[in-house]
Amino acid sequence: MSKKDTVTLIDNSTGKEIELPILHPTNGISTIDVRQLYRKLGYFTYDPGFLSTASCHSSITYLDGLNGELQYGGYPIEQLADHSNFLEVCYLLLEGELPTKEEFAEFKTIITEHTMLHEALKRFYSGFRRDAHPMAIMVGVVGALSAFYHDEIDIHDPKHRMIAAHQLIAKMPTIAAWSYRYSHGLPFEYPRNHLDYASNFLHMMFSLPTVAYVPDPVFVKALDLIFILHADHEQNASTSTVRLTGSSEANPFAAISAGIASLWGPAHGGANEAVIRMLTDIVESDNDVEYYIERAKNKDDRFRLMGFGHRIYKNYDPRARIIRKTCHELLTGLGSSNEYSDLFKAAMELEQIALEDEYFISRNLYPNVDFYSGIILLAMGVPLNMFTVIFAVARTVGWVSHWDEMIQDPESRIGRPRQLYVGALPRDYPKDSD
Ligand code: CMC
């Protein structure tokens with residue numbers, strides 16, 4: 001390690017100093033290795049929200065927030081969106097390489113053959129209230145998979161880990177569609193092996209025992225695109241949750257269930273649902289779009305424009321750029337005579353104003369992927385409370401890929417952050433006064 005591959009940290013209070021190694025990535029920002037800091041200088045680092053902290057090595061996804069770049073396994077998301085399909089992307093994320101024709105055929109067969117659920121799992125659904133949010137059902141049912149597969153899994157055996165990954169990718173659409181069916185009092189539809197991944201999901205969502213649902217190819221393509229764009233996003237909140245949960249060697253189904261819980265929040269995967277709720281409020285209120293823009297800019301008001309801004313993409317969200325086109329095409333195709341046309345009009349107006357407004361421009365607050373995916377899902381007839389569920393279906397492959405990578409990494413340890421304690425100093429429990 002040469003001197004220029006280190007940074008020197010001097011403690012001005014003691015005069016002690018330490019050289020910290022700089023670790024270089026294959027692409028992106030170098031990282032200071034602070035592991036020796038506590039042992040040598042007796043300090044922790046403070047970084048709430050991990051704004052400057054890398055928690056692991058990873059070779060799955062690369063993103064550059066300033067330049068708006070996203071790559072899976074080195075392949076730009078724009079090229080994958082144009083030329084690949086979701087199942088091929090799943091293979092890429094899990095294996096690190098695109099499959100050959102034979103490998104893809106075999107992978108597709110494996111996923112197709114694992115789509116059914118254990119019949120006993122059906123009974124878990126009836127334990128939920130009818131009006132349960134499908135994400136609550138997802139957290140419960142995916143967590144319950146651990147009870148079905150726990151003893152079979154040796155997480156230190158790569159083959160076992162891959163089987164768990166395949167089971168999750170295959171079963172997630174069934175679990176997700178059934179959460180919708182249950183909350184709507186509809187009978188469960190079993191998966192159909194001749195259908196592709198997106199069509200099968202739409203079939204399980206919308207087919208009736210009396211009428212088979214024939215999905216519109218435009219919807220199938222749009223859903224596959226949404227799956228591709230949401231498949232992974234490196235160390236986001238839910239993926240970090242899965243890694244942290246899995247770092248204690250917990251069952252992978254339980255770890256993925258924790259990831260689903262994290263994704264549910266409106267600042268993460270719940271944003272596409274929040275976008276539609278906000279647009280509905282705008283349409284139903286007597287106020288125009290400008291009024292909401294002003295509210296978003298007002299620091300005394302907690303209101304934020306849902307679907308705008310991103311923790312990492314401070315220039316633009318490349319996924320939003322891809323999906324925006326599909327969204328605009330779909331809305332143009334639907335015309336102005338559909339039941340949501342007022343809502344779509346408000347969305348386009350909001351997009352236009354925000355893109356031109358100094359407040360949003362100066363803070364790099366562009367519409368993110370959830371702004372457009374929410375509108376597309378609504379146009380497809382997907383109920384609002386299923387939006388985040390669809391995100392969870394897509395992100396499952398990212399979660400299991402990171403879990404697998406973490407278990408393989410010889411440097412990975414149980415996740416255990418430190419804290420800056422600001423509570424009471426030691427004191428005595430009060431004695432009874434007489
Ligand atoms: N509307 C109005 N102002 C905003 C918004 C917004 N949506 N987002 C950020 N700001 C302002 C914020 O008030 C702050 O202003 P100032 O500098 O004057 O104090 C500035 O922009 C920077 O915001 P921040 O809170 O420091 O940014 P962050 O990186 O901590 O938050 C975010 C990122 C995504 C949580 C936030 O932009 C937000 O709440 N957006 C709305 C929710 C949303 O769409 N979330 C989906 C994210 S994409 C899906 C995913 O990958 O999970």
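**Aromatic pairs and burial**

Author: Start with two residues: Phe86 is buried, and Tyr197 is buried too. Keep in mind that this is a predicted model.

Reader: What does "buried" mean here as a number?

Author: Buried means under 20% relative accessible area, and exposed means over 50%. Across the chain, 48% of the 434 residues count as buried.

Reader: How many aromatic pairs does the structure hold?

Author: The structure holds 19 aromatic pairs. In one of them, the ring centres of Phe86 and Tyr197 lie 5.1 Å apart with the planes at 50°, so this pair is tilted. Phe86 belongs to helix α3 (residues 86-95) and Tyr197 to helix α8 (residues 197-206), so the pair ties together parts 111 residues apart in sequence.

Reader: Which residues do ring pairs link into a cluster?

Author: Phe308, Tyr359, Phe360, Phe371 and Tyr372 are joined by ring pairs into a cluster.

Reader: Where does the charged end of Arg130 sit?

Author: A ring can also have a charge over its face, and this is read from the distance to the ring centre and the angle to the ring normal. The charged end of Arg130 sits over the ring of Tyr182, 4.3 Å from the ring centre. The charged end of Arg321 sits over the ring of Tyr316, at 3.8 Å from its centre.

Reader: Let me step back to the whole chain. How many helices and strands are there?

Author: The chain has 18 helices and 6 strands. Its radius of gyration is 24 Å, close to the 22 Å that the globule rule gives for 434 residues, so the chain is as compact as a globular protein of that length. The C-alpha trace spans about 75 × 70 × 55 Å along its principal axes.

Reader: Which residues line the largest cavity?

Author: Its lining is made up of Gly309, His310, Tyr313, Tyr316, Asp317, Asn364, Tyr366, Pro367 and Asn368. By class, these divide into 4 nonpolar, 4 polar and 1 charged. Tyr316 in this lining is also the residue whose ring has the charged end of Arg321 over it.

Reader: What is the volume of the second largest pocket?

Author: That pocket has a volume of about 380 Å³. It is lined by 14 residues, and the closest to its centre are Ala81, Asp82, Lys221, Leu225 and Thr326. Helices α2 (77-83), α9 (217-230) and α14 (318-334) each supply at least two lining residues. The largest share, 6 residues, comes from α9. The lining of the second largest pocket divides into 7 nonpolar, 2 polar and 5 charged residues.

Reader: What should I look for in the backbone angles?

Author: Most residues other than glycine have a negative phi. Phe50 has a positive phi, near 55°. Phe50 lies in the loop between α1 (37-41) and β4 (61-64). With a relative accessible area of 54%, Phe50 is exposed.

Reader: Where is Glu249 placed, and what is its phi?

Author: Glu249 is in the loop between α10 (237-246) and α11 (252-263). Its phi is near 70°, again a positive value in a residue other than glycine.

Reader: Last topic: how do I compare distance along the chain with distance in space?

Author: Take two C-alpha atoms and read both separations. Val242, in helix α10, is 14 residues along the chain from Ile256, and their C-alpha atoms are separated by 5.8 Å. Val242 counts as buried at 1% relative accessibility.

Reader: How many residues apart in sequence are Ala176 and Ala392?

Author: They are 216 residues apart in sequence and 8.6 Å apart in space, C-alpha to C-alpha. Ala176 is in helix α7 (residues 158-183) and, at 0% relative accessibility, counts as buried.

Terms used:
Residues are numbered from 1 along each chain as its sequence is written. This is a predicted model: local features need pLDDT of at least 70, side-chain atom pairs count only at pLDDT 80 or more; totals for chains, interfaces and linings use all residues. Side-chain values use heavy atoms; hydrogens and water are left out. On a 1 Å grid over the protein atoms alone, a cavity is a set of points where a 1.4 Å probe fits but cannot get out, and a pocket is an open set with protein on both sides within 12 Å along at least five of seven lines; lining residues have an atom within 4 Å of a point. Ala, Val, Leu, Ile, Met, Phe, Trp, Tyr, Cys and Pro count as nonpolar, Asp, Glu, Lys and Arg as charged, and the others, Gly among them, as polar. Rings of Phe, Tyr and Trp (its six-membered ring) pair if their centres lie within 6.5 Å; planes under 30 degrees apart count as stacked, over 60 as edge-to-face and the rest as tilted. Helices (H or I, at least four residues) and strands (E, at least two) are DSSP runs, numbered from the N terminus. Buried means under 20% relative accessible area, exposed over 50%, partly exposed in between (1.4 Å probe, protein chains only). A charge sits over a ring if NZ of Lys or CZ of Arg is within 6 Å of the ring centre and within 35 degrees of the ring normal. The radius of gyration is taken over C-alpha atoms; the globule rule is 2.2 Å times the number of residues to the power 0.38. Grid points are joined across faces, edges and corners, and a volume is the space filled by probe spheres set on the points.
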